[in-house]
Amino acid sequence: MTKVAMTVNGKPVTGEVEGRTLLSSFLREGLGLTGTHVGCDTSQCGACVVHVDGVAVKSCTMLALEAEGAEVATIEGQAAPDGTLNTIQQAFQDHHGLQCGFCTPGMVMSAAALLKDNPKPTEAEIRHYLEGNLCRCTGYHNIVKAIMAASGQDVSVLAAE
Amino acid sequence: MYEFDFIRPETISDAVTVLQDDEDAQALGGGQTLIPVLKQRLAQPSKLVSLAQINGMTGIKSVDGALVIGGASTHAAVAMGAGGYPALAALAGHIGDPAVRNRGTLGGSLANNDPAACYPAAVLASGATVVTNAREIAADAYFDGLFGTTLEDGEIITAVRFPVPEAANYQKFVQPASRFALVGVYVAKFADGVRVAVTGAGDDGVFRWSEAEEALTKEFRPDAIMGLSINPMNMIEDLHGTRAYRAHLVGVLTKRAVAAALG
């Protein structure tokens with residue numbers, strides 16, 4: 001076992017991990033942050049997306065020790081401490097951007113990464129950016145709509161779901 | 001995954017020492033292929049030697065008309081920073097998905113040499129040079145069959161030097177589940193000739209299509225390869241596409257790449 005230290009959602013954390021411990025396992029089992037979901041475990045579904053040093057990564061395809069010293073942001077750090085949803089989360093609720101909710105943590109974290117780089121993405125840019133996030137419920141329309149709304153754009157022009 | 005020790009050296013020489021002292025140690029780039037391989041227990045390294053902390057392994061600079069890109073540069077960094085070679089930046093920006101591009105590296109892709117990876121086509125078509133801790137390897141002498149390269153044990157790709165062509169384009173027919181190339185064709189036009197490299201199709205990995213290169217060197221337009229065809233016998237066949245289908249795609253994508261390079 002090796003000691004690992006990183007910052008998660010602004011708080012310094014430490015833990016004991018094996019070389020083979022995945023970042024997703026450390027977050028979920030080491031820190032109890034089970035909002036980060038593991039869907040496919042083959043780096044395809046994107047439910048496990050978190051931010052490491054400001055960029056989106058698939059936490060099931062990164063070792064915990066690779067995140068030594070890094071700033072990690074997970075879905076648990078997105079809402080305000082009193083539970084008030086952030087703009088993206090609220091838009092997902094307002095526009096019915098989720099059904100079962102399993103993919104939602106990854107969708108929200110990917111959307112946050114997109115909007116940081118591209119504050120007013122087009123519908124096509126959103127769909128392209130979400131290539132690595134799979135949703136088996138919504139058909140994506142309302143997710144795309146929610147992200148457009150979160151970026152302050154008029155979504156009435158988007159086709160109804 | 002089987003157990004392994006994780007090591008994060010800060011210099012290339014420390015990394016090389018570990019890799020050379022233990023033949024079961026393996027270098028780790030961004031892990032976007034290696035970690036899935038380990039999860040399936042298809043490999044059992046004793047140690048993973050992360051190259052992420054080594055200084056001087058990232059960054060993009062222009063040297064004598066060539067773009068020199070650090071081996072640990074992520075696909076996202078190349079997509080953003082290789083504006084001096086737009087076709088290469090575009091290729092990097094369409095590998096995998098955004099989260100994969102934030103971790104996967106140029107050196108990692110080349111060391112792995114997946115027969116459907118994008119970068120090998122860019123390196124071969126550009127006539128790039130693979131720079132390691134020990135030597136420089138010309139693209140034509142680097143790739144060695146499926147998942148094979150001429151890298152020695154413990155040899156680390158520190159950078160790749162890409163000559164910048166007059167015009168170039170990469171056309172990738174995406175296999176939608178994996179986002180690898182079902183077939184990808186990279187065309188690069190230099191003052192002294194055209195190079196065409198094909199990934200995803202050949203049963204011996206990335207290859208140059210020399211007949212198309214000759215025809216396009218004489219006349220750089222899509223119709224110049226009319227009548228040329230690839231022998232399907234040497235193509236990959238799997239549930240995503242037959243040999244004949246892949247051979248056909250090589251011709252179609254080559255024409256599209258030439259048309260796009262002409263802008």
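This is a predicted model: local features need pLDDT of at least 70, side-chain atom pairs count only at pLDDT 80 or more; totals for chains, interfaces and linings use all residues.

Reader: Which residues of domain 1 of chain A lose the most area to domain 2 of chain A?

Author: The two domains of chain A bury about 1,200 Å² between them, and 63% of that is on carbon and sulfur atoms. Three residues of domain 1 together make up 39% of what that side buries. They are A:His37, A:His51 and A:Ile75.

Reader: What is the count of salt bridges between domain 1 and domain 2 of chain A, and which strands supply at least two residues each to the domain 1 side?

Author: The salt-bridge count between these domains of chain A is zero, while seven residue pairs are in polar contact across the interface.

Reader: Now over to chain B meeting chain A. Which residues of chain B lose the most area to chain A?

Author: The contact takes 28 residues of chain B and 22 residues of chain A. Between them the chains bury about 2,100 Å², 55% of it on carbon and sulfur atoms. On the chain B side, 24% of the buried area comes from three residues together: B:Phe6, B:Lys39 and B:Arg103.

Reader: Which residue of chain A forms a salt bridge with B:Asp97?

Author: There are five salt bridges between chain B and chain A. In the one made by B:Asp97, the closest N and O atoms are 2.6 Å apart. The partner is A:Lys58.

Reader: And which helix gives the most to the side of chain B that touches chain A?

Author: Helix H2 (34–39) and helix H5 (98–101) of chain B each supply at least two residues to that side. The top contributor gives four residues, and that's H5(B).

Reader: What domains does the assignment give for chain B, and how many salt bridges are counted between domain 2 and domain 3?

Author: Chain B is assigned domain 1 (5–50), domain 2 (60–163) and domain 3 (167–262). Domains 2 and 3 of chain B have centres separated by 19 Å, and they bury about 1,800 Å², of which carbon and sulfur atoms give 64%. One salt bridge between B:Asp140 and B:Arg208 has its closest N and O atoms 3.1 Å apart.

Reader: Which helix gives the most to the side of domain 2 of chain B that touches domain 3?

Author: Across that interface of chain B, 10 residue pairs are in polar contact. Helix H4 (86–92) and helix H7 (119–126) of chain B each supply at least two residues to the domain 2 side. With six residues, the one that gives the most is H7(B).

Reader: Last one: what is the bridge partner of B:Val185 in E11(B)?

Author: Chain B has an open sheet of four strands in the order E9-E10-E11-E12, with antiparallel pairing. Its edge strands are E9 (167–174) and E12 (207–208) of chain B. Strands E10 (residues 181–190) and E11 (residues 193–199) of chain B pair over seven bridges. In E11(B), the partner of B:Val185 is B:Val198.

Key
Residues are numbered from 1 along each chain as its sequence is written. Chains are lettered from A and ligands numbered from 1 in the order in which they are written. Side-chain values use heavy atoms; hydrogens and water are left out. Buried area is the accessible area (1.4 Å probe) that two parts lose on being put together, summed over both. A salt bridge is a side-chain nitrogen of Lys or Arg within 4 Å of a carboxyl oxygen of Asp or Glu. A polar contact is a pair of N or O atoms within 3.5 Å; within protein, one must be able to donate a hydrogen and the other to accept it, and residues adjacent in sequence count only if both atoms are side-chain atoms. Two strands pair if DSSP finds at least two bridges between them. Contact means heavy atoms within 4.5 Å. Domain bounds come from an automatic or database domain assignment.
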